[in-house]
Structures are given as structure tokens and as C-alpha cells.
Amino acid sequence: MKILILSQHFYPENFRINDIATELSKTNEISVVTGKPNYHTGYILSGYKKFKYTLDYLKNIAVHRVPIFPRGVKKNFFTFSFNYLSFVVSTIFYHKNFFKKDYDLAFVYATSPLLQALPLILLRKKLKCPIIIWVQDLWPESVIETGYIKNKLIIKFIKKLVNYIYKNVDYIFVQSKYFKKNILAFNDDYKKKLWVYENPSEDFSKLKLINKQKKQNTKIITYSGNIGHAQDPNVFIELAKKFRKNDDKFIIHIFGEGSLKNDLIHKTKENRLNKYIKIFKHLKPNIIHKELFKSDFLLITLKGSNAFSKTIPGKFQTYLYFAKPLIVISDGYIIEKIKKYSLGEWTNTGNYNDLYKKIMLLSNDKNKIKLYSKNCRSLYKDKYNLKYSVECLLNKFNELVYKN
């Protein structure tokens with residue numbers, strides 16, 4: 001099968017579509033249209049021609065890179081907007097370079113914003129194949145709840161644009177079953193297009209971990225992922241304050257980038273919490289994976305809101321592989337997962353004191369730790385391992401292509 005993947009972000013940027021594309025390429029011909037890598041730095045990485053379209057090959061994947069306006073070191077609404085719009089315009093402008101083949105289907109990896117699907121929709125007569133959009137974030141709910149956009153006219157325009165996208169794609173895949181209600185609110189007819197496809201875990205087939213760990217007095221709680229408004233970074237500060245007050249032997253390791261990372265660094269220094277919070281610079285995934293393995297507990301935090309309560313953060317599937325008890329402060333679907341499969345301890349958004357108490361109780365309960373760890377690994381193997389998940393995706397692709 002010939003598959004065109006459209007994703008503004010791709011290797012060396014660390015997104016789940018990298019592993020999915022690689023796994024699909026083992027039995028299919030994959031072409032990826034993406035931008036120049038700039039996600040975690042804000043500027044185009046060295047070695048990539050900034051203002052030119054290029055065709056590279058990642059093993060047997062054809063990677064078409066179009067020039068884009070970088071996110072900027074000082075990230076704000078305007079730099080983000082130029083970044084997103086430049087990808088749309090550039091993809092349309094250079095489309096002849098990657099529309100040479102007759103694809104069986106086009107697959108849009110739709111992180112925020114959804115408008116990155118527009119080039120394929122506007123050019124669908126030339127594309128001549130079904131378009132599938134895989135929705136990772138609800139729009140416009142996410143952008144409203146993070147506070148990036150407050151203007152009612154802009155929000156109204158975004159809603160119309162999102163509806164236009166849903167209307168003009170052939171199928172809508174969602175990473176959470178709770179996204180369905182929001183999408184059907186636009187039009188109940190979209191029910192025929194909807195399919196739930198949760199994110200798989202990363203590819204750990206080549207990851208080598210040492211089973212024996214050094215005994216340590218200080219327990220490590222690790223967080224990996226985006227550090228922004230959606231994650232409520234105050235969780236780290238409030239937990240660290242309680243550790244300091246009670247002289248607990250805990251430390252929080254934070255691996256990630258995001259709009260509030262510098263603010264978190266500042267608050268950590270301001271509150272003199274450096275003994276209890278360690279914030280790392282950008283590290284390669286394989287290094288972060290080794291740090292996750294060394295951890296005692298893995299932390300998930302999501303701000304309470306309509307959109308975020310329906311989301312499964314990508315780190316959830318990754319964490320499962322490392323078989324460590326999960327510590328979750330959130331509302332909604334992720335809590336449902338934790339309770340159903342008995343994966344760790346949880347509390348609702350903003351309830352920092354309760355979270356602290358549960359961490360302390362769990363740290364002294366070896367049987368619970370063992371149970372949660374076992375359940376995490378079992379769920380990973382049964383549902384979220386990459387090979388199994390991509391097989392399900394490919395079966396769906398074949399079903400849809402045959403149907404058309």
C-alpha cells in the first residue's frame with residue numbers, strides 16, 4: 001500500500017508518528033510530508049536547509065521537508081501562528097514534488113492545530129485518494145482552555161474552519177473515545193466517519209536496559225513530556241514544598257520542553273526547591289528512557305478542563321512499558337484508565353495535598369508497588385505495544401481502501 005503521511009512534526013522531533021511511520025514502512029511504501037525540525041529549540045536545526053524544499057530518506061521512508069517559519073525562541077501567539085500557517089502555505093506551494101505518486105490513502109497526524117490538514121483537502125482533486133485525519137487534540141477547545149486565544153471572533157472563525165476540515169475528510173480517527181461527542185456536536189453525520197485509535201507506545205525493540213538497579217535512599221518521581229498550561233506545572237512546585245517541609249527523601253526529575261519551562265525553572269529557584277526538583281535540558285529519547293527505568297514512580301499531570309479531561313497524554317502509553325506505578329493528578333479519561341486497570345494512585349486536578357498523601361502511603365507499600373508495576377507491563381503488552389497497534393491501524397486502512 002502507498003501511504004502519504006502529512007505531519008508538521010517528524011524525526012528528529014520526538015513525536016509518536018515517527019514510530020508508526022517506521023513500523024508501517026516495513027510492509028508499505030511510505031512518504032512523509034513535514035516541516036523543517038524546530039520543535040524543541042524554536043529555530044531550524046543545523047544541517048537542514050531553511051528556505052528550500054528537500055527530499056531525504058529515513059531508511060526506506062521518503063521524507064519531503066517544506067520550508068517553514070520557525071516557532072521562535074521567545075514563543076508566543078504570533079510566532080506559533082506564522083509557524084502553523086507557513087506549513088500550510090508551503091505544503092500547497094510544493095505539492096507537485098510529492099503528488100507524483102498515486103497514493104492509496106493520505107493520513108494526517110493532527111496535533112494542534114488541525115489546520116495542517118488543509119493542504120490535502122484543498123488539493124484533494126489532484127491527490128485522488130481518501131483522506132484520514134487522526135485527531136490528537138480537540139479544537140477549538142484546547143486553544144480556548146489554555147488561554148492562548150480569547151477573541152470571540154477568532155474562536156468563531158476557528159470553529160467554522162474545524163467543521164470545514166471534518167466535513168471534507170473521508171474519515172476521522174480520534175485518540176480518545178471521549179473526543180467523539182465534541183466532534184459530533186459539529187454534525188451528527190460525522191458518526192459514519194469516526195473511529196477510535198489510541199496512541200501506541202514507542203518502539204522499544206532496540207532499547208537495552210540494565211535489570212539491576214543501585215539501591216538509593218532518595219526515591220525518584222519522574223515526569224516526561226510537555227511543560228505548558230495544559231499540564232499545570234504548579235504540581236511540581238507544590239509537591240516539592242511538601243517534601244521539603246516534611247524532610248522527605250524524594251526528588252522530582254523533569255524531562256521536557258514547553259512554554260512554561262522557563263517559568264518553572266524560575267519558580268524552582270525562587271522557592272529554593274532545587275534539592276527536590278531537577279529540570280533537565282533537552283535530551284535524546286534513549287537517554288530519557290534509561291532515566292524512566294531508574295525511577296520509582298512516573299507522574300502524569302493534566303489541567304482540569306473539558307478538553308483535557310478527555311485526552312490520553314502520549315506519555316501514558318510510554319510509561320506503561322517501564323512497569324512503574326503511575327502517579328496521576330487529573331480529571332476524566334486518564335483516571336478511568338488508572339482505576340480500571342489498577343495502574344497506580346490518582347487524585348483530581350488541584351488536590352495537591354491528597355496527591356502527596358497517596359505518594360507517601362504508596363512508597364511504604366511494597367505489595368501495591370509490585371501489583372501496579374505488573375499491571376502496567378501487562379496492559380502495555382496486551383494493548384499498546386507498537387507492533388500490535390500498527391497492525392490494527394493497517395487492518396483499518398485496508399478496510400477503508402477496499403471500501404473505496
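Author: A residue is called buried here when its relative accessible area is under 20%, and exposed when that area is over 50%. The structure is a predicted model.

Reader: Which residues of helix H10 are buried, and what covers them?

Author: In helix H10, which spans residues 285-294, the buried residues are Ile288, His289, Glu291, Leu292 and Phe293. Their cover includes strand S9 (219-224), strand S10 (250-255), strand S12 (297-301) and helix H11 (315-321).

Reader: What makes Leu123 buried, and where does this residue lie?

Author: Leu123 is found in the loop between H3 and helix H4 (124-127). Its relative accessible area is 11%, and the limit for buried is under 20%, so Leu123 is buried.

Reader: Which residues are in contact with Leu123, if its neighbours within four places in sequence are left aside?

Author: With those neighbours left aside, Leu123 has contacts with Ile92, His95 and Phe99. As for Ile92, the C-alpha atoms of this residue and Leu123 are 7.7 Å apart in space, while the two residues are 31 residues apart in sequence.

Reader: Why are H8 and H9 called roughly parallel to each other?

Author: A pair of packed helices is described by the angle and the distance between the two axes. The axes of helix H8 (residues 234-245) and helix H9 (residues 261-270) come within 10 Å and cross at roughly 15°. Angles under 35 degrees count as roughly parallel, and H8 and H9 are therefore given that description. Asn234, Phe236 and Ile237 on the H8 side meet Leu264, Lys267 and Thr268 on the H9 side. By class, the residues of this contact of H8 with H9 are three nonpolar, two polar and one charged. The crossing in which H8 passes H9 is right-handed.

Reader: How many aromatic pairs does the count come to, and what makes the pair of Phe243 and Tyr356 tilted?

Author: The count comes to 27 aromatic pairs. In the pair formed by Phe243 and Tyr356, the rings are 5.9 Å apart, centre to centre, with 55° between the planes. Ring centres have to lie within 6.5 Å for a pair; planes under 30 degrees apart count as stacked, planes over 60 as edge-to-face, and the rest as tilted, so the pair of Phe243 and Tyr356 is tilted.

Reader: Which parts does this pair tie together, and how do you know whether Phe243 is buried or exposed?

Author: Phe243 lies in helix H8 and Tyr356 in helix H13 (residues 352-363), so the pair ties together parts that are 113 residues apart in sequence. The relative accessible area is 0% for Phe243 and 11% for Tyr356; buried means under 20%, so Phe243 is buried, and Tyr356 is buried as well.

Reader: Which residues do ring pairs link into a cluster?

Author: The cluster consists of Phe107, Tyr109, Trp134, Phe173, Trp195, Tyr197 and Phe397. Phe397 is also one of the H15 residues in the contact with H1.

Reader: What makes Asp247 and Arg272 exposed, and what is their phi?

Author: Asp247, in the loop between H8 and strand S10 (250-255), has a relative accessible area of 57%, and Arg272, in the loop between H9 and strand S11 (277-279), has one of 72%. Exposed means over 50%, so Asp247 is exposed, and so is Arg272. Asp247 has a positive phi of about 55° although this residue is not a glycine, and Arg272, not a glycine either, has a positive phi of about 55°.

Notes
Residues are numbered from 1 along each chain as its sequence is written. This is a predicted model: local features need pLDDT of at least 70, side-chain atom pairs count only at pLDDT 80 or more; totals for chains, interfaces and linings use all residues. Side-chain values use heavy atoms; hydrogens and water are left out. Axes are lines fitted to C-alpha atoms, for helices over the stretch in contact, and angles run from 0 to 180 degrees between N-to-C directions. Helices (H or I, at least four residues) and strands (E, at least two) are DSSP runs, numbered from the N terminus. Angles under 35 degrees count as roughly parallel, over 145 as roughly antiparallel, 65 to 115 as roughly perpendicular and the rest as oblique. A crossing is left-handed if the near helix is turned anticlockwise from the far one by less than a right angle, and right-handed if clockwise. Contact means heavy atoms within 4.5 Å. Ala, Val, Leu, Ile, Met, Phe, Trp, Tyr, Cys and Pro count as nonpolar, Asp, Glu, Lys and Arg as charged, and the others, Gly among them, as polar. Rings of Phe, Tyr and Trp (its six-membered ring) pair if their centres lie within 6.5 Å; planes under 30 degrees apart count as stacked, over 60 as edge-to-face and the rest as tilted. Buried means under 20% relative accessible area, exposed over 50%, partly exposed in between (1.4 Å probe, protein chains only).
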